[in-house]
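Dear colleague,

Please find below the structure that I am handing over to you.

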Amino acid sequence: MLGWAALFFIIALIAGVTGFFWLASAAAAVAKVLFFVFLILFVVSLIFGRRRV
């Protein structure tokens with residue numbers, strides 16, 4: 001998921017440089033959402049992932 005966020009961030013940078021600002025803002029929004037979902041899932045996996053049997 002972090003890879004997808006990085007990919008959309010790179011797409012946003014390229015679109016912003018080339019002048020496609022609507023595409024850049026959309027890609028940046030998707031990258032931001034994916035990054036925060038990654039962070040939430042990472043924290044949840046840290047909390048609940050190390051259960052001892």
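For "transmembrane region", the UniProt record, an unreviewed entry, lists residues 5-23 and 29-49. UniProt positions are given in the numbering used here, feature names are shortened, and annotations may be inferred rather than shown by experiment. Please note that this is a predicted model, in which local features need pLDDT of at least 70 and side-chain atom pairs count only at pLDDT 80 or more, while totals for chains, interfaces and linings use all residues. Residues are numbered from 1 along each chain as its sequence is written, and side-chain values use heavy atoms, with hydrogens and water left out.

Overall form

The protein has two helices and zero strands. Here helices (H or I, at least four residues) and strands (E, at least two) are DSSP runs, numbered from the N terminus. The radius of gyration of the protein is 15 Å, whereas a compact globule of 53 residues would have a value near 10 Å. This radius is taken over C-alpha atoms, and the globule rule is 2.2 Å times the number of residues to the power 0.38. Along its principal axes, the C-alpha trace spans about 55 × 15 × 10 Å.

Of the 53 residues, 11% count as buried. Buried means under 20% relative accessible area, exposed means over 50%, and partly exposed lies in between (1.4 Å probe, protein chains only). The protein exposes about 4,500 Å², of which carbon and sulfur atoms supply 80%. Accessible areas come from the Shrake-Rupley method with a 1.4 Å probe; for residues, only the protein chains shown count as cover.

The two annotated spans

Residues 5-23 are 89% helix and 0% strand, and the end C-alpha atoms of this span lie 15 Å apart. Residues 29-49 are 95% helix and 0% strand, with end C-alpha atoms 29 Å apart.

Ile-10 lies in helix H1, which covers residues 2-18. Ile-10 counts as partly exposed because its relative accessibility is 46%. Between Ile-10 and Ala-27 there are 8.7 Å in space, C-alpha to C-alpha, although they are 17 residues apart in sequence. Leu-23 belongs to helix H2 and is partly exposed at 34% relative accessibility. Leu-23 and Ile-11 are twelve residues apart in sequence and 8.5 Å apart in space, C-alpha to C-alpha.

Val-17 is also part of helix H1; its relative accessibility is 74%, so Val-17 counts as exposed. Val-17 and Ser-45 are 37 Å apart in space, C-alpha to C-alpha, and 28 residues apart in sequence.

Aromatic pairs and a surface patch

How many aromatic pairs does the structure hold? It holds two. One of them is formed by Phe-38 and Phe-42 and is stacked, with 6.0 Å centre to centre and 20° between the planes. Rings of Phe, Tyr and Trp (its six-membered ring) pair if their centres lie within 6.5 Å; planes under 30 degrees apart count as stacked, over 60 as edge-to-face and the rest as tilted. Phe-38 and Phe-42 are separated by about one helical turn because they are four residues apart in helix H2 (residues 21-48). Phe-38 is partly exposed at 25% relative accessibility, and Phe-42 is partly exposed at 41%.

Phe-42 also belongs to a nonpolar surface patch, together with Ile-40, Val-43, Val-44, Leu-46, Ile-47 and Phe-48, with about 680 Å² of accessible area together. Patches are made of residues with over 30% relative accessible area and no salt bridge; like charges are joined within 9 Å, and nonpolar side chains (Val, Leu, Ile, Met, Phe, Trp, Tyr) within 5 Å. A salt bridge is a side-chain nitrogen of Lys or Arg within 4 Å of a carboxyl oxygen of Asp or Glu. Val-44 is in helix H2 and is partly exposed, with a relative accessible area of 38%.

Yours sincerely
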